[in-house]
2 protein chains.
Amino acid sequence: MYRGKAKELLQDISPGDRIRIKKGSATYEGILMPRSELGDDQHIVIKLDNGYNIGIEITGASIERIAERESTKKPKIKVKKTVGKDKVTILGTGGTIASKIDYKTGAVHPSFSTEEIINAIPELGDLAELKTKLLFNILSENMTPEYWKKIAEEVANELNSGASGVVIAHGTDTLSYTSAALSFMLKNLYKPVVLVGSQRSSDRPSSDAHLNLISSVKVACSEIGEVVVVMHESSSDVSCLIHRGTRVRKMHSSRRDAFKSINSRPIGRINGKLEIFQTFRKRREKEKVEADTRLNENIALLKIYPGISSEILDYYIDKFDGLVLEGTGLGHAPESLINSVERAKEIGKPIVMTTQTLYGRVDMKVYSTGRKLLARGVIPGGDMLPEVAYVKLMHVLGVAEDLNEVKTLMITNLAGELSERTLYFA
Amino acid sequence: MYRGKAKELLQDISPGDRIRIKKGSATYEGILMPRSELGDDQHIVIKLDNGYNIGIEITGASIERIAERESTKKPKIKVKKTVGKDKVTILGTGGTIASKIDYKTGAVHPSFSTEEIINAIPELGDLAELKTKLLFNILSENMTPEYWKKIAEEVANELNSGASGVVIAHGTDTLSYTSAALSFMLKNLYKPVVLVGSQRSSDRPSSDAHLNLISSVKVACSEIGEVVVVMHESSSDVSCLIHRGTRVRKMHSSRRDAFKSINSRPIGRINGKLEIFQTFRKRREKEKVEADTRLNENIALLKIYPGISSEILDYYIDKFDGLVLEGTGLGHAPESLINSVERAKEIGKPIVMTTQTLYGRVDMKVYSTGRKLLARGVIPGGDMLPEVAYVKLMHVLGVAEDLNEVKTLMITNLAGELSERTLYFA
C-alpha cells in the first residue's frame with residue numbers, strides 16, 4: 001500500500017488503474033501496481049504494457065488516471081480464423097527459407113521467391129489475405145544494419161497501410177540480431193511482426209519451412225503486438241515457439257529447434273491453437289507505428305578471454321563510438337584492462353558489460369573486479385544477451401543526446417530485452 | 001570386414017586386438033575396429049584410448065599387434081575407498097572457492113587458504129591422504145596463459161612424484177579455458193586432473209564449495225585418467241557432474257549448476273558412487289606425464305556479428321599469428337570479409353572457424369559462404385567450442401613445424417575436443 005508522499009500524490013487512484021506519469025520530458029504509461037509494506041514513500045511502481053514493472057521516483061512527477069481498473073478476466077487470446085479477413089504481408093529477405101538445393105553439388109542456393117513458397121504451401125492462403133514482397137535476397141550472414149533499416153521502414157509502411165501483421169522470411173544465421181534491431185527501431189508497435197526462417201531448405205522432405213511459415217502467418221493474425229521469432233519447438237514437426245525478439249538466440253548450428261529464448265520464457269507456443277506462457281503487449285488497431293532508423297553503426301562487440309591484451313581494447317576504444325564487452329561470469333574483465341577502461345571513461349566512450357555465459361545476469365557489485373569496472377563508468381548490461389546489447393547500443397547512441405542519456409537508456413528496459421525485479425530510474 | 005590391401009596388411013590381426021600403426025614419423029595405438037561393408041580397402045580404423053575412432057590410410061603403414069582382444073567385460077569403475085591409500089594434491093589458484101564474504105561491504109574477497117578450506121571440511125581427510133599447495137591467489141578473470149603453464153608444470157610434478165590425482169581449486173569465470181589448456185598441455189596423462197570451483201563462497205550457507213570439493217577429491221581417486229571439471233549437477237546440493245576438460249563451458253553467471261558439457265555427454269556423475277555415461281581414458285599408474293608448455297600466445301578470438309568490418313579483421317590478421325573466428329550458423333562470416341581472409345591465406349596466417357551457436361558443428365560445405373571460406377584456407381573447427389579452439393590454436397602453433405601441420409592438428413582430435421564419426425588423415 002502506498003503511504004506518505006506517494007499516497008498524497010496518488011489521491012484516489014488505486015492499484016489496477018491505468019495511469020500516465022509525467023516527469024520532466026519523460027512520460028510513462030501503465031497500470032499502477034500495489035506497493036509492498038517494505039517500500040518507501042518516494043516511488044510509484046507501474047507495470048508497462050510490455051509486462052515489466054518500473055519504479056518512478058515521485059519528485060517533480062504529475063500523475064493522471066487514464067482508465068479505471070479493468071475487471072479481472074483472462075485475456076482472450078485467439079487466432080482469428082475468418083477467411084480473408086486478416087491482411088498479412090510476407091517480406092522476403094533471403095536465406096534457407098527461400099532456398100533450394102542444387103542437386104548437382106548438394107549445395108544450397110537462394111532461389112525460390114517468397115511468391116513461389118506461398119504457391120507451394122496453399123494452406124497459407126486459407127489463413128489470411130496474403131501479399132508478398134521480396135525486399136532483397138541475401139544469405140543472412142551478409143545482413144547489415146543498412147538492411148535492418150530497409151526492413152523496419154517496409155514493416156512500418158505495411159502496418160500503417162492496413163496489414164494486420166507482417167512476416168519476415170530471413171536466414172537463420174543472424175535472424176536474432178535482426179529481430180532485436182526491429183524491436184528497438186519499431187516505435188509504438190502494437191501489431192505482430194514475425195521473423196521466421198528455416199534450418200532445412202523447403203524442397204527437402206525434412207524441411208521445417210512449411211510448419212514455420214504456417215505458424216508465423218497464424219501469429220501475424222494474433223493478438224501479440226510485438227516483434228517475435230517463430231521457429232520449431234522440437235526436432236519433430238509438431239509445434240513452434242513464439243520468442244520475444246530481444247530474448248532469442250540461435251543455439252545450435254543445424255537442429256530445427258535451434259532457436260531458444262534466453263533469460264525469459266517464450267511468449268507462447270503455436271500448434272493449431274495458441275498457448276500463452278507470459279505477458280505480452282496486446283494488439284491495438286489504430287496506432288501508427290514509426291520506424292526510428294537512427295543507428296550509430298560505429299559500435300563493436302568484443303569478447304573477453306584469458307590473454308586478451310589492453311592493446312586490443314585500446315584499438316576498439318579509439319576506433320569505435322561505443323563498445324559492448326562479452327565479459328566472463330558476473331561481468332568481469334582482466335585487471336590488466338582497467339587502465340584502458342579508465343581511458344574510455346575519460347574520453348566519453350560508453351562501454352557496456354554483458355556475460356559470455358549467456359544465461360544469467362551481470363552483477364558487478366559482488367567481486368572487486370566488477371566494482372572497479374563500475375567505478376570506471378562501465379554500464380552493467382543486466383540480463384541482456386551480448387548480441388542484443390550490441391544492437392541496442394547502436395540504437396541508443398543513435399537517439400540519445402548525451403552520455404548520461406545513453407547510460408539511462410542502456411539500463412532501462414526498452415523492448416523486453418532487460419528485466420529487473422523493480423527498475424528504479426530518477 | 002577388411003578386404004583387399006587392408007586385409008593383406010592386417011594378416012591375422014582381428015578386430016578387438018590392440019595394435020600399433022607406424023606411418024612415417026607418426027605412431028597410432030588403439031583397438032582395431034571392424035570395417036563396414038561399404039568401406040574401401042585403403043583405410044584401417046582404430047579406436048584410440050580417448051574413445052575416438054580414426055581412419056588411417058594404409059600406404060606406407062606398418063602394423064604390429066600389441067595385445068589380443070580382451071574378453072568382453074564391463075570396465076570396473078570404482079572410487080577407491082581405502083583410507084589413506086590415495087595421495088591427492090590440492091592446488092590452490094584462488095577464486096570463490098577460496099573466498100569469503102566481507103560482511104561490512106557484502107563483497108567477496110579471496111582470503112581462505114586451501115589449507116583452511118580443508119580444515120573446514122574434515123571429510124576430505126577420510127577420502128585420501130591430502131597435500132595442499134597454494135600456487136597463487138587470483139580471481140580467475142585475471143588468469144593468463146602464463147599461469148596455465150605454472151599449473152601444468154605443478155600438476156606434472158605432483159603426478160610424477162606419486163600423487164594418485166590432482167585437484168585444482170580455481171575461479172569459475174575462466175575455469176573452462178584452463179581445463180582446455182591443461183588438456184592440451186598435459187601429454188601422456190593417465191591420472192585424474194580435476195578442476196573445481198564454486199559459485200557461492202564457502203562461508204555462505206548456500207555454498208556449493210563443500211560438495212564440489214568432496215566430489216573432486218573422490219574423482220581424483222577414480223579410474224578416470226583425464227583432465228575433468230567437477231561441479232554441481234543441479235541447483236540442489238546432491239550430485240556433481242564430471243565434465244571432460246575440453247567439452248565444458250560456464251553457461252550461467254550465478255547458478256550452482258552453471259557448468260554444462262556441450263556437444264558431448266558428461267563423462268559421469270558422482271553422488272557417493274560414480275556413474276559413468278561415456279568412454280574415457282583409463283588410469284595407468286606407471287606412465288610419466290609431461291607438461292608441454294609450448295604455447296604461441298599471440299592468438300586471438302574474434303566474434304562475427306552483422307556490421308563487423310574488414311578493417312577489424314585486417315587488424316587482427318596483421319597483429320596476430322593465428323585467429324579463431326566465432327562465426328554464425330554453420331561457420332559463416334560476411335562476404336565483405338572474404339578479401340581479408342584471402343590475404344591471411346597469402347601471408348600464411350591460420351584462421352579457424354567455429355560457431356557462436358556453441359551447440360552443433362560447423363559445416364562449411366553446405367552454403368556458398370562456407371565454401372568460399374574453405375577455398376581460402378579457413379580451417380573448419382568441427383564441433384569444438386570457440387574458446388577451446390582458441391586455446392588449442394595457441395598449443396598447436398606452439399608445437400607444429402609448419403602451416404600444414406597446424407591444419408592437420410586443428411582438425412585432429414587431440415584431447416576429446418573434437419568428434420568426427422570417422423576422421424581420415426593421410
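Let's start with Lys47(B), which sits in strand S3 (residues 43-47) of chain B. This is a predicted model, and in it Lys47(B) counts as partly exposed because it has 17 C-beta neighbours inside 10 Å. Ile31(B) lies 16 residues away from Lys47(B) in sequence, yet their C-alpha atoms are 5.0 Å apart in space.

**A helix in chain B**

- Helix H11 (residues 403-410) of chain B has buried residues Val406(B), Leu409(B) and Met410(B).
- These residues are on the same side of H11(B), because they cover an arc of only 95° around the axis.
- In an α-helix there are 3.6 residues a turn, so residues three or four places apart point the same way.
- What do the buried residues of H11(B) pack against? They meet strand S22 (351-355), strand S23 (379-380) and helix H10 (386-399) of chain B.

**A sheet in chain A**

- Over in chain A, 8 strands make an open sheet with mixed pairing, in the order S9-S6-S10-S12-S13-S14-S17-S18.
- Strand S9 (129-134) and strand S18 (273-276) of chain A are the edges: each has a single partner strand, so one side of each lacks a neighbour in the sheet.
- On average, neighbouring strands of this sheet are turned by 25° against each other, direction ignored.
- Strand S12 (residues 193-196) and strand S13 (residues 227-232) of chain A pair in the parallel sense over 4 bridges, and Leu195(A) stands opposite Val229(A) in S13(A).

**Helices on that sheet**

- Helix H5 (residues 175-185) of chain A packs on the sheet, touching S12 and S13 of chain A, and its direction makes about 155° with that of S13(A).
- Helix H6 (residues 209-220) of chain A runs at about 150° to S13(A) and lies across several strands, including strand S6 (87-92) and strand S10 (165-169) of chain A.

Notes. Residues are numbered from 1 along each chain as its sequence is written. Chains are lettered from A and ligands numbered from 1 in the order in which they are written. This is a predicted model: local features need pLDDT of at least 70, side-chain atom pairs count only at pLDDT 80 or more; totals for chains, interfaces and linings use all residues. Helices (H or I, at least four residues) and strands (E, at least two) are DSSP runs, numbered from the N terminus. A residue is buried if 20 or more other C-beta atoms lie within 10 Å of its own, exposed if 12 or fewer, and partly exposed in between; C-beta atoms are placed from the backbone. The arc is that of the directions from the helix axis to the C-beta atoms. Two residues are in contact if their C-beta atoms, placed from the backbone, lie within 7 Å. Two strands pair if DSSP finds at least two bridges between them. Axes are lines fitted to C-alpha atoms, for helices over the stretch in contact, and angles run from 0 to 180 degrees between N-to-C directions.
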